[in-house]
Amino acid sequence: HGHLSSGTDLLILPFLSDLAKKGKAAVMTVHGHWPYDRNSYMDPYFKKLYAKDIATISISRAMQKLLPKEFRDIGYIHNSLDPTTLSFRARPEGHTHKPAFGHTRLEQDGKGYLTWLGKIVADKGTHEAILAAKEAGERFVFGGIVDKYDKRSVDYFQTKVKPLIDDEQVVYLGALDVKAKN
């Protein structure tokens, strides 16, 4: 089972194709939009050489509609989360995770905040969520990955998201493990 979420992940296609040709179970879950390789533009070649062999799952109906026709579309399964890994809290407990920028820490002060977790790309609307929190006068604490191999992700973060981070009302925690997310 391979996961395709960035351009470098295209390297799994030949391996999955080879497994499938040998009668082995091989499936790929697609976590993003095509094209993936925005640097060398190898997507058409990878699709032509390997796509027909690979059973492909999308993470949503919308993603499934964007899947190139060359792949063997076997459906979609929503991106999942084990609900036992995160706990709902009606009242905030705060946190002591050091922000990715600056030197402040949000201590366990009991103040509420809005939160957001995910890959930081324009499609997910990170900066819109920040602007909404600012307009509402709410503190916004968020975490996520800026894909350093995706120029669009880096540019979006640098130009739209990072200028809104002040480490007081808007706090970016960086990439988080499950414990920090909880």
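**The aromatic cluster and its sheet**

Modeller: Happy to! Trp116 is buried, at 14% relative accessible area (buried means under 20%, exposed over 50%, partly exposed in between, with a 1.4 Å probe and protein chains only). Phe142 is buried too, with 1% relative accessibility. The model is predicted, so local features need pLDDT of at least 70 and side-chain atom pairs pLDDT 80 or more, while totals for chains, interfaces and linings use all residues. Residues are numbered from 1 along each chain as its sequence is written, and side-chain values use heavy atoms, without hydrogens and water.

The structure holds five aromatic pairs (Phe, Tyr and six-membered Trp rings with centres within 6.5 Å; planes under 30 degrees apart are stacked, over 60 edge-to-face, the rest tilted). Trp116 and Phe142 pair edge-to-face, at 6.5 Å between centres and 75° between planes. This pair joins strand S5 to strand S6, 26 residues apart (strands are DSSP E runs of at least two residues, numbered from the N terminus). The rings of Phe140 and Phe142 lie 5.4 Å apart at 35°, so this pair is tilted. Ring pairs gather Trp116, Phe140, Phe142, Phe157 and Tyr172 into a cluster.

As for the sheet, three strands make it up, open and parallel, in the order S5-S6-S7 (pairing takes at least two DSSP bridges). S5 (114-117) and S7 (170-172) are edge strands with a single partner each, so one side of each lacks a neighbour in the sheet. S6 (residues 140-143) meets S7 over three bridges, and Phe140 stands opposite Val170 in S7.

Key. Helix = DSSP H or I, 4+ residues; strand = E, 2+ residues; numbered from the N terminus.
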